[in-house]
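Welcome! Here is a short briefing to read alongside the sequence and the 3D view. Take a look first, then follow the topics below.

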Amino acid sequence: MKPAPLFGRDDDLAHVLRFVADAGGALVLRGEPGVGKTALLDAAAAHATGTTVVRIAGTEFDVEVSYGALGAILHPFAGGLDRLPAVHSAALTVALGLGRGGAANQLAVSHAALTLLTDAAAAGPLLLVVDDLQWIDRASAQILGFVARRLAGTGIGVLAASRSGDGEAPGLGGLPRREVAALGDDAAMALLGHRFPAMPVRVRHRLVEEAQGNPLALLELPTTLSRWQRAGTGALPAVLPLTDRLHEAFAARIGGLPARTRELLLIAALDGDGELRTLRAVGRDSAPLAAAERLGLVRADGSGDRISFAHPLIRAAVVHEATEAERRRVHRRLAEAHRGHAGRHAWHLAEAATGPDEHVAALLQRSAHTNFRRGSPVHAVSELLRAAELSPTPGGRSTRLAEAAYLGTVVTGDFRDAARLLESAQQAATEPSPALALASANHLLNRDGDIDGAHRLLAAAVRAAPDPSDASDKTLLEALYNLLLVSSFGGADPKQWSELHAALARLRPRSPELLAILEETYADPARASRAVLDRLDTAIAGLQHEISPARVVRVAMAASYVDRLAPCRDALTRVVGYGREGGPIASAIEALSLLGAAAFHSGQWADALERVDESLDLCARHGYRLQVWHGRFLRALIAAARGDHAAAAAAVAELTAWADPRHSGLVRHHAFQVGALDALGRGDFEAAYRFATSITPAGEFGSHVPHALGTMLDLVEAAERTGRHAEAKAHAAAARETSLGTLSPRLAFVTCVAEALTAADGDDCRVFAEALDAPGLDRWPFELARAELYYGERLRKTKAAKQARAYLTAAWERFERLGAEPWAVRASAELRAVGARARPAAAVVLTPQQRQIATLAAEGLTNKQIGEQLFLSPRTVGAHLYQLFPKLGVTSRAALRDALTALEDSPR
């Protein structure tokens, strides 16, 4: 079996060992303590089959014992001393303390050692493995260096490891070296997940940040945490404690520093920011830091205004060296220095506290609320957990734990973490509280999709607020945001919406701007007022500077209901990137779904599917069961448009099966929209009409039914095709009267197309021509192609064959590019009716990677299995396949084999 790469694909362990066995050579591994050098030496020894391995390790206690390391290396071959020339035998015998004589000549000892090892290697390859090279004695290092530079053709290899930052061992300079890199974040998270599977993701992220890819630290740091901290219900300290092993690895150079230098390092470690002005304010003078800088423990930035520790674990070692009294004293001084910064002032006061303190707990809680609004929810959770620990009353502890549980669900999506925090909050509670109800409802909604239960809890929380009209109460406002979300998932349930509207009307002095915008756009997007749309546009414009992921998503959600998502794309992309880096997972999932919706409307269906796949993957990994439905809806909508009728039908059944027992009108309407589009593609216009009118009756755009906007054209076409001309005309007229066209340019175009479909003979072509004359229509290729198809059909009926051919050809080409097969078939049939044919597609050319993916998919491999073989992500594989399907003229994996065979057989 091929060993794992050591330095990368081009230089792995097997290659190094083959080189050693065939020709001889030396290599020194360099890296920080704990990075895995010893593990690599272990692997080398294990892989060296058929090779004699001699292994030693330097120790700082034996560094003054001359030739001590050399003796350990040569001991297995001492039986060959008698076969050496007399001068060499004598030199080695004296140097290794095996006999008496005059002082050994170092050059003679060097030649003797090389000869002894060369003779031993005559019987087979020899590998010398030397760990902690920085601690072998000077004389042995010089001999080893002499030998290592003369190994070519001997079959002897030297593989050594040395710490970075400790200088070069004497005599070993110039040997080939390789740096052993730290683990990347993904590998570090995987290692922690494997070793500590129950640990919340939020805690793992903190450990990964602290360890900076150091494997020893990743495995040791968790053992220093309490059971509550490992479970996520206890606050993690600003500086994590070290085990004895880690302290030994990282604190060796600290103990010998002057007392003033150690004091300044402690101030810098506990402050965490490294500003020299703070060090000077608290420690009076920063000059003694020069001693630590010379040792490489800290470094100054380019401006000279700030210092940073060379590794977070050096910072931890500095704190570990100090007594608890020293740490509390420094925290008190830092709290005073940061009086002008509420969050840092509160945190240092908390770290200096010796017992419960309501004043400090309240300061931390306020800072947590501020940090959440500023887009730092991970920091907010840590502050709330520490505030809970400092709370002198059970009620205060319960409220702060509940807030941490609520934020935890939107930060990491680790529902085990949130469930533990929620359970602790419930155990501490002496009476119901809005914060506890909010956290319980959020957990219930995301875990079980219990819309009715979540609504009851949230409505009760709003009613139980100390002042239900206080528009400055952050917990009350968060409960109202969630009540709005739950009401929209419920659909058009008048009782749920009336309770929400009444609660928002009570707010004084007024409802917050975004909450007011969301209320109108969620509840009745078809009738959104000009004033609200202008305020929404202002909010959208402000997203370029917005730092709160939750606010970005809420503004984009409001925009999506009135078809104004496109300008939100950049901000949503930032939210996704933040989520990938450990930021709020729930916000990232919602942002991906919104980006997928925007990509669907713009005809970028492969991109939409890639976004959807990533969102569904995050939902599965983090336990978000509610958010999956929008992703599945978008995936099914594309399947319906592309003619994958089996997938569309399965999605309709799945969506309704979930929605019906939970009374989710929103998800039920998702299903009906997919069903309507799929039925239109199949030519089953009666079924399409039933699906579309299950969302809204013909001629109506009722409130609290946002999906009515998305199926407006589907309903009109289905009504026309089934002879319900009055209903079709009424619906098109209702769209015009409701002013849907004022919401967005796309809806304005679709409204015009609906009017053209229902216009009287003689007027229809004029209205179609006016609709298709608008600028920028290629931004929405699917709607544009549908309009061109409808217009081409009308032109054919009026015997304007030449014009019809032009529009039908354009429609067919757009449908082909999108992979909308059933629609392309309709356009092709219309072209034949006017005596033309759809032009044969250009010869299909697949790249080597596309051909590999298609071949493996045809063999039945899943996206994940294909990705593992080709070193691609499953999402990338899926995106390639969805591009390949229309290119090869297929709609499913089952048809790939025949398509590839036909491609091979086609003339070139």
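The structure holds 10 aromatic pairs, where rings of Phe, Tyr and Trp (its six-membered ring) pair if their centres lie within 6.5 Å. This is a predicted model, in which local features need pLDDT of at least 70 and side-chain atom pairs count only at pLDDT 80 or more, while totals for chains, interfaces and linings use all residues. Residues are numbered from 1 along each chain as its sequence is written, and side-chain values use heavy atoms, leaving out hydrogens and water.

**Aromatic pairs**

- A pair of aromatic rings is described by the distance of the centres and the angle of the planes.
- Phenylalanine 768 and tyrosine 791 are stacked, with 5.5 Å centre to centre and 20° between the planes; stacked means planes under 30 degrees apart, edge-to-face over 60, and the rest are tilted.
- Because phenylalanine 768 lies in helix H40 (residues 764-772) and tyrosine 791 in helix H41 (residues 781-797), this pair ties together parts that are 23 residues apart in sequence. Helices here are DSSP runs of H or I with at least four residues, numbered from the N terminus.
- Phenylalanine 768 and tyrosine 791 are both buried, that is, under 20% relative accessible area with a 1.4 Å probe, protein chains only.
- The rings of phenylalanine 782 and tryptophan 823 have centres 5.6 Å apart and planes at 85°, so this pair is edge-to-face.
- Phenylalanine 782 belongs to helix H41 and tryptophan 823 to helix H43 (residues 821-833), so parts that are 41 residues apart in sequence are tied together.

**Two helices side by side**

- The axes (lines fitted to C-alpha atoms over the stretch in contact, with angles from 0 to 180 degrees between N-to-C directions) of helix H26 (residues 513-523) and helix H28 (residues 549-561) come within 9 Å and cross at roughly 30°.
- That makes H26 roughly parallel to H28, a label for angles under 35 degrees.
- In H26, Leu514, Ile517, Leu518, Thr521 and Tyr522 meet Arg551, Arg554, Val555, Met557, Ala558 and Tyr561 in H28; contact means heavy atoms within 4.5 Å.

**An enclosed helix**

- Helix H8 (residues 201-211) has 9 of its 11 residues buried, so it is largely enclosed by the rest of the structure.
- Among the buried residues of H8 are Arg202, Arg204, Arg206 and Glu210.
- Just after H8, glutamine 212 takes a positive phi of about 50°.

How values were computed:
Helix = DSSP H or I, 4+ residues; strand = E, 2+ residues; numbered from the N terminus. Parallel < 35°, antiparallel > 145°, perpendicular 65-115°, else oblique. Buried < 20%, exposed > 50% of the residue type's maximum accessible area, 1.4 Å probe, protein only.
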